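This briefing is for a reader who is meeting the structure for the first time. Please look over the sequence and the model, then read the points below by topic.

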Amino acid sequence: MSKKPLRVAVAGCGDVAQTKHLPHWNELANEERIEIAAVCDIIPGRADFCRDKFGADKAFTDFAEMIEYAEYDVLDVCTQNRLHCPMTIDGLKAGAHVLVEKPMAMNVREAQKMIKTAETAERKLMVAQYMRFEGYSELLKKVVDAGELGEIYTGRTYWMRRRGIPGWGKFHVAAESLGGPLIDIGVHMLDLCLWLMGSPIPVAASGKVYRKFGDRKDLVNPEWGVPYPAEEFDVEDYATAFIRFENGVTLTTDFSWAANIPDEVEGLSVLGDKAGISTNPLGVYSSEYGTITHKTFDFVPEKYGHRGAIRHFVECVEKNKSVLVRPEESLRVQKIIDAIYESSDKNKEVTIKQQ
Ligand SMILES: NC(=O)c1ccc[n+]([C@@H]2O[C@H](COP(=O)([O-])OP(=O)(O)OC[C@H]3O[C@@H](n4cnc5c(N)ncnc54)[C@H](O)[C@@H]3O)[C@@H](O)[C@H]2O)c1
């Protein structure tokens, strides 16, 4: 007899849910591995729209009502950051495994609470760090795991937009989102870098965040529109940091939504004493035969990270496997983020607590 499809509920039917989650849940539903049992959004009509478009059974405007209405195997949290922790905890307590959008939470305390609740409930919890599931990331991870880099000693990552401040949703409001590019695009690069560096334990961070564009009424943000009221913008639009890890490894980071640079750039490099890897341009950089060398990949499988993350999570639930993005790794990223904001406030390096 075939297994019953997993019952999935999706909280939040905004941009990420509609473009990056629900299409993949819909695909899995067509394969009869899951059913989209419920969707919910507080904006009237949004959940109905998604129910009809992606084939959900029911639509709700109230999250608590959705959770109480039925039992779900999986809850997918796609709401703004402020709601990641409370919705995850409610879902876990109601018996669902939870996939939650990034960043994990608004602070370390919340992230720790989420992990504890998942452990107590014996449910899986994973932050949807989609970049780990892209073809190039998987290739680079294979290079690292094969020991080609030798001793890894430092890394560098950046995602700098010239003008790219999200205009929709609550990205510009600290009380709803915590921060700007650091928690929006930086969180992806931090997660990916730490994974490729072997998940080192962060012990200190020195950072500075700036707000130079987002609250300006004369902001030119052509590709992203400026529908948010500039006076509401109270997050950073640039973040820079230097992070130290327990094993002496370091990481340098730069993230911006707006900066006076020629064009958007995104990348990372992880350096070892035998070789270094880089995404920009993608390759393995080393020295052999008395000269300097570089290895490229003639074929990089085109994998869509969000699809990969969702399908991986479903497989983990179906087969009771461990998730690739371990919650304690996401907690480490959250500790770094909290430390960068604290360091920026205090204007000095701060120590990252281990507990
Ligand atoms: N991984 C990625 O590539 C990626 C990209 C964009 C956004 N995100 C993350 O996804 C999350 C959502 O971002 P978005 O761009 O979809 O924002 P959005 O504002 O478009 O969507 C959020 C939705 O949540 C709904 N919502 C708010 N309160 C709710 C409640 N109490 N119950 C139910 N629904 C509620 C809103 O009405 C809105 O429709 C954020 O955490 C963001 O960081 C991830």
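Helices (H or I, at least four residues) and strands (E, at least two) are DSSP runs, numbered from the N terminus. In those terms, E122 sits in the loop between α5 and β6 (125-127). The model is predicted. The largest nonpolar core has 50 residues, and another core of 31 residues lies apart from it.

**Helix α1**

- Helix α1 covers residues 15-30, 16 residues in total, and spans 22 Å from its first C-alpha to its last, close to the 22 Å expected at 1.5 Å a residue.
- The helix α1 has a kink of about 45 degrees at H21, shortly before the proline P23.
- Buried residues of α1 are A17, H21, L22, H24, W25 and L28.
- These buried residues pack against the strands β1 (6-11), β2 (34-40), β4 (74-77) and β5 (97-100), and against the helices α2 (46-54) and α9 (305-319).

**Helix α8**

- Helix α8 also has 16 residues; from its first C-alpha to its last it reaches 21 Å, close to the 22 Å expected at 1.5 Å a residue.
- A bend of about 45 degrees occurs in α8 at V187.
- Of the 16 residues of α8, 16 are buried.

**Nonpolar cores**

- In the largest nonpolar core, of 50 residues, L190, L196 and I277 have the most contacts inside the core.
- Elements that give two or more residues to this core include α6 (135-145), β7 (152-160), β9 (238-245), β10 (250-256), β11 (265-272) and α10 (327-346).
- Helix α8 gives the most to this core, with eleven residues.
- Not counting residues up to four places away in sequence, I277 touches L140, V143, V144, L149, L196, L268, S269, V270, G283 and V284.
- The other core, of 31 residues, has I67, I89, V108 and L331 among its members.

**S278 in strand β12**

- S278 is in strand β12, which runs over residues 275-279.
- With a relative accessible area of 12%, S278 falls under the 20% limit and is therefore buried.
- A polar atom of the S278 side chain lies 3.2 Å from the backbone nitrogen of N280.
- Leaving aside neighbours within four places in sequence, S278 is in contact with L140, L268, S269, G283 and Y285.

**M66 in helix α3**

- M66 belongs to helix α3 (residues 63-69).
- The relative accessibility of M66 is 0%, so M66 counts as buried.
- Leaving aside neighbours within four places in sequence, M66 is in contact with A9, V10, A11, A38, V39, C40, F60, Y72 and L75.
- M66 and V350 are 284 residues apart along the chain, and their C-alpha atoms are separated by 42 Å.

**W168 in a loop**

- W168 lies in the loop between β7 and α7 (174-177).
- W168 counts as partly exposed because its relative accessibility is 36%.
- Beyond its neighbours within four places in sequence, W168 is in contact with D15 and W224.
- Between W168 and A111 there are 25 Å in space, C-alpha to C-alpha, and the two are 57 residues apart in sequence.

**Cysteines**

- The count of disulfides comes to zero.
- C40 is in no disulfide, and the nearest cysteine sulfur, that of C13, is 6.6 Å away; a disulfide would need the two sulfur atoms within 2.5 Å.
- C40 has a relative accessible area of 3% and is buried.
- C85 is in no disulfide either, with the nearest cysteine sulfur, that of C78, 16 Å away.
- C85 is buried, its relative accessible area being 4%.

**Backbone details**

- The peptide bond from K102 to P103 is cis, with omega near -10 degrees, and P103 is in the loop between β5 and α5 (108-121).
- N280 and P281 are joined by a cis peptide bond with omega of about 0 degrees; P281 is in the loop between β12 and β13 (282-288).
- E32, a residue other than glycine, has a positive phi near 60 degrees.
- E32 is in the loop between α1 and β2 and is exposed, with 62% relative accessibility.
- E122 is not a glycine, yet its phi is positive, about 55 degrees.
- The relative accessible area of E122 is 65%, so E122 is exposed.

Definitions and conventions
Residues numbered from 1 in each chain as written. Predicted model: local features only at pLDDT ≥ 70, side-chain atom pairs only at ≥ 80, totals over all residues. Heavy atoms only, no water. Expected span 1.5 Å × (residues − 1). Bend = angle between axes of the 7 residues up to and from the residue. Buried < 20%, exposed > 50% of the residue type's maximum accessible area, 1.4 Å probe, protein only. Contact = heavy atoms within 4.5 Å. Polar contact = N/O pair within 3.5 Å; in protein donor to acceptor, adjacent residues only side chain to side chain. Core = buried A, V, L, I, M, F, W, Y, C linked by side-chain atoms within 4.5 Å.
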